[in-house]
Amino acid sequence: MERSARDRLLGRFGRRAANIALAGALICSGFAVSGAERPPATADHSKFEVLEGPFDNAQEVTEACLGCHTEAGEQIRATTHWTWTYEHPETGQTLGKSKVINSFCGMAITNEARCTSCHVGYGWEDMKQPPPTADNAVDCLVCHDTTGEYWKFPTLAGHPTYMPREWPKGSGKMVQPPDLESIAQNVGASGRANCGSCHFYGGGGDGVKHGDLDSSLVDPPRSLDVHMSPDGLNFGCADCHTSWGHQVSGSRYQVNAKDTLGIDVPGHTDFSRASCESCHGATPHQKQKLNDHVDTLACQTCHVPAFARGGVPTKIWWDWSTAGRLDENGEPITEYDDSGHPSYMSEKGDFRHGENVVPSYAWFDGTVKYTLVDEKLDVDHPPVEINRVEGGPDDPGSRIWPFKVMRGKQPYDTELETLLATHVFGADDTSLWSNFSWPKALQAGSEMSGMPFSGSYDFIETTMHWPITHMVPPAEQALGCASCHASESRLAGIAGIYMPGHNGNIWLDRIGWLLVALTLVGVVLHGVARILIKGRKRS
Amino acid sequence: MSRVMIYKRFERFWHWFQALLIFALLFTGFEIHGSYSVLGFGDAARLHTLAAWALIVLWLFAIFWHITTGEWRQYIPTRNGLFPVIRYYLIGTFTGAEHPYRKTTRAKHNPLQRLAYLFFKLMITPVIWLTGLLYLFYNDWPATLSGALELETVALVHTAAAFAMLIFIIAHVYMATMGAKVTSLIKPMVTGYEDLEDTR
């Protein structure tokens with residue numbers, strides 16, 4: 001068709017006119033499909049009788065969903081979103097939220113009702129037990145609500161609140177129960193706000209944990225995220241994090257650090273688009289010299305020049321050792337830094353926040369290994385690496401990646417030399433946030449997690465690596481050459497690379513410039529002598 | 001004395017275009033090396049690559065010209081009369097002695113020049129080219145090469161050769177002023193003509 005149209009145009013108007021016309025048509029059709037256009041849904045959920053309600057609680061909505069989506073519940077229960085465990089194929093470690101300790105609030109298993117408020121189910125009160133098994137315990141709405149009205153209340157183990165409740169505690173702001181009928185009739189594909197309702201708030205607040213994921217990505221300008229911006233491509237998370245029977249691709253424990261499959265062609269590749277190469281391929285630049293970099297550098301290294309750029313700060317330092325200091329009336333204290341971010345809270349200790357943070361860089365093959373809570377620490381050589389990223393210059397599967405490196409101090413057992421789980425949340429006599437007593441909180445943490453505690457503890461400095469991959473701005477905001485090819489290089493200290501402009505040999509330079517200087521001096525002396533002698537002869 | 005064409009048109013074009021390219025390469029090269037920042041690394045690198053390709057093309061023509069005209073013989077080294085020339089530059093030029101070498105169109109470079117230009121052509125330039133091309137095509141090295149050679153080695157040799165080039169240029173430019181008048185030796189490289197003593 002195209003060919004015959006071109007031939008006809010060619011015959012009538014000549015080659016140049018035909019090419020111009022075709023280029024114009026291509027450009028116009030390009031405009032027509034760019035941006036936010038999505039195919040219309042085949043089902044209008046407001047027309048389903050079963051979704052008219054009334055619903056007493058969210059589990060009843062789930063029952064209604066499962067009436068048609070018969071396999072969805074089973075699918076969800078097979079995912080990491082449900083099990084919170086992950087068998088690492090490379091390291092053999094069992095990871096997941098139910099196993100790992102992090103450098104924020106420690107472990108989920110000792111702080112259930114708070115931490116499990118982000119479980120994709122209802123009522124996981126005790127993490128020593130597996131998640132609830134009832135069919136209607138799966139939470140469909142947290143991922144598929146499109147109204148923005150559905151909210152898992154932070155302290156109810158995954159449930160929304162069914163009566164007006166104050167949040168944050170002491171703020172006087174009341175959270176109203178959700179209108180489950182309206183929400184159920186407006187379900188749809190997961191958008192940024194759905195995923196973000198948990199993933200933007202990890203670590204206890206907006207932007208705290210990741211640095212490249214916070215609420216600014218719900219409606220980001222192009223300069224913050226060219227893919228997710230409504231002014232750009234308006235991608236949802238799921239446009240890249242494609243799913244397979246509710247199994248979402250793209251893991252932080254096992255990252256695809258170098259996607260050699262390239263552009264993801266249906267029928268040929270794995271249907272996973274959770275890498276830049278899935279759409280952009282392995283040679284995305286017009287300038288060949290830039291393509292020469294992709295074997296060594298992750299796309300994100302140049303294309304995410306800084307994280308926490310959306311106006312939401314991320315925590316970069318968290319020192320638990322100072323928690324528990326109270327004012328003269330025995331009341332907890334909150335102090336703020338110059339930017340108005342909390343810098344001290346009696347519940348949590350000292351913080352430092354960062355915005356527009358320049359990442360740290362490291363070789364990374366995608367494998368993240370954890371220091372699990374039963375692992376003996378090298379206490380004489382802090383900081384302890386809560387996790388470490390594997391890879392190196394000699395491994396062709398590794399590239400240099402950007403990371404947020406979270407630092408801080410957290411409790412460890414001075415006799416057993418292991419990290420300690422902390423029981424921070426809970427309306428009981430042992431949680432740190434209720435009674436500000438570390439011994440009680442650590443003892444309770446030990447009992448809840450089943451990990452031993454000798455009774456003696458101290459605080460040790462820790463680091464934790466978070467790969468940076470979101471907040472990709474338009475290409476013109478990517479790093480320039482001199483960000484690395486300069487004496488002050490972002491990649492200073494990275495092993496196994498020679499960067500012109502940064503590296504060199506000091507002795508070669510010294511000897512080289514010395515010889516240049518000697519030549520110049522010789523030439524000048526020779527020349528001056530010639531002039532002087534010539535002048536004397538004349539006189 | 002007779003006025004003869006000593007530097008032919010192509011030869012002059014080659015010389016001055018090469019000079020321009022070498023100055024551009026030195027200027028951008030030492031910026032890429034990190035010695036200073038004027039154009040910015042990216043522009044410096046692009047200009048450097050462009051000038052390098054231009055120089056390579058120019059050299060291909062120059063090599064062809066040297067072979068087909070037989071002018072390559074001008075660079076055959078000789079010890080005959082070398083030391084008097086060296087003595088002249090060290091002493092004679094101050095005492096008012098005459099330059100000991102008599103130029104002809106078939107032997108227009110004195111023995112010291114021959115050595116210097118031969119070193120330039122057979123040592124400095126090939127080393128710069130070879131390392132430069134290796135540098136440029138670093139990503140396309142075959143496995144056997146990347147197993148045996150580090151980019152750092154290539155870069156350091158390239159830099160060392162650049163220093164040698166810079167030193168050559170300083171000496172060359174200065175010595176070009178050492179004729180009877182400051183411009184005596186430079187003028188023929190512009191016009192092509194020089195007044196030579198008649199030779200039998």
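Q: Over residues 157-177 of chain B, what is the helix content of the chain, and how far apart are the end C-alpha atoms?

A: Residues 157-177 of chain B are 90% helix and 0% strand, with the end C-alpha atoms 31 Å apart. Helices here are DSSP runs of H or I of at least four residues and strands are runs of E of at least two, both numbered from the N terminus. The model is predicted: local features need pLDDT of at least 70 and side-chain atom pairs count only at pLDDT 80 or more, whereas totals for chains, interfaces and linings use all residues. Residues are numbered from 1 along each chain as its sequence is written, while chains are lettered from A and ligands numbered from 1 in the order in which they are written.

Q: Which residues of chain B does the UniProt annotation "transmembrane region" cover?

A: UniProt positions are given in the numbering used here with shortened feature names, and annotations may be inferred rather than shown by experiment. The unreviewed UniProt entry places this annotation on residues 50-67, 115-137 and 157-177 of chain B. Residues 115-137 of chain B are 96% helix and 0% strand, and their end C-alpha atoms are 32 Å apart. For chain A, the unreviewed UniProt entry lists residues 511-533 under "transmembrane region"; this span is 100% helix and 0% strand, with its end C-alpha atoms 32 Å apart.

Q: At what angle do the axes of H4(B) and H6(B) cross?

A: Axes are lines fitted to C-alpha atoms, for helices over the stretch in contact, and angles run from 0 to 180 degrees between N-to-C directions. The axes of helix H4 (residues 111-136) of chain B and H6(B) cross at roughly 145 degrees and come within 9 Å. The crossing is left-handed, a term for a near helix turned anticlockwise from the far one by less than a right angle (right-handed if clockwise). Among the residues that meet are B:Phe120 and B:Ile124 of H4(B), and B:Ala161 and B:Phe168 of H6(B); contact requires C-beta atoms, placed from the backbone, to lie within 7 Å. By class, this contact has 14 nonpolar, 3 polar and no charged residues. Nonpolar covers Ala, Val, Leu, Ile, Met, Phe, Trp, Tyr, Cys and Pro, charged covers Asp, Glu, Lys and Arg, and the others, Gly among them, are polar.

Q: How many residues of chain B are in contact with chain A?

A: The size of an interface is often given as the accessible area lost when the parts come together. Here, in residue counts, 23 residues of chain B are in contact with 27 residues of chain A. H6(B) gives the most to the chain B side, with 12 residues. That side divides into 14 nonpolar, 8 polar and 1 charged.

Q: How many bridges join strand S7 to strand S10 of chain A?

A: Two strands pair if DSSP finds at least two bridges between them. Strands S7 (residues 314-319) and S10 (residues 349-354) of chain A run antiparallel and are joined by 5 bridges, with A:His353 the bridge partner of A:Lys315. Strand S9 (residues 342-345) of chain A also pairs with S10(A) in the antiparallel sense, over 2 bridges. S9(A) and S10(A) form a hairpin with 3 residues between them.

Q: What is the phi of A:Trp84, and which peptide bond joins A:Gly53 and A:Pro54?

A: Most residues other than glycine have a negative phi, and most peptide bonds are trans. A:Trp84, not a glycine, has a positive phi of about 55 degrees. A:Trp84 is buried, with 24 other C-beta atoms within 10 Å; the cut-off for buried is 20 or more such atoms, for exposed 12 or fewer, with partly exposed in between. A:Gly53 and A:Pro54 are joined by a cis peptide bond with omega about -5 degrees.

How values were computed: Two residues are in contact if their C-beta atoms, placed from the backbone, lie within 7 Å.
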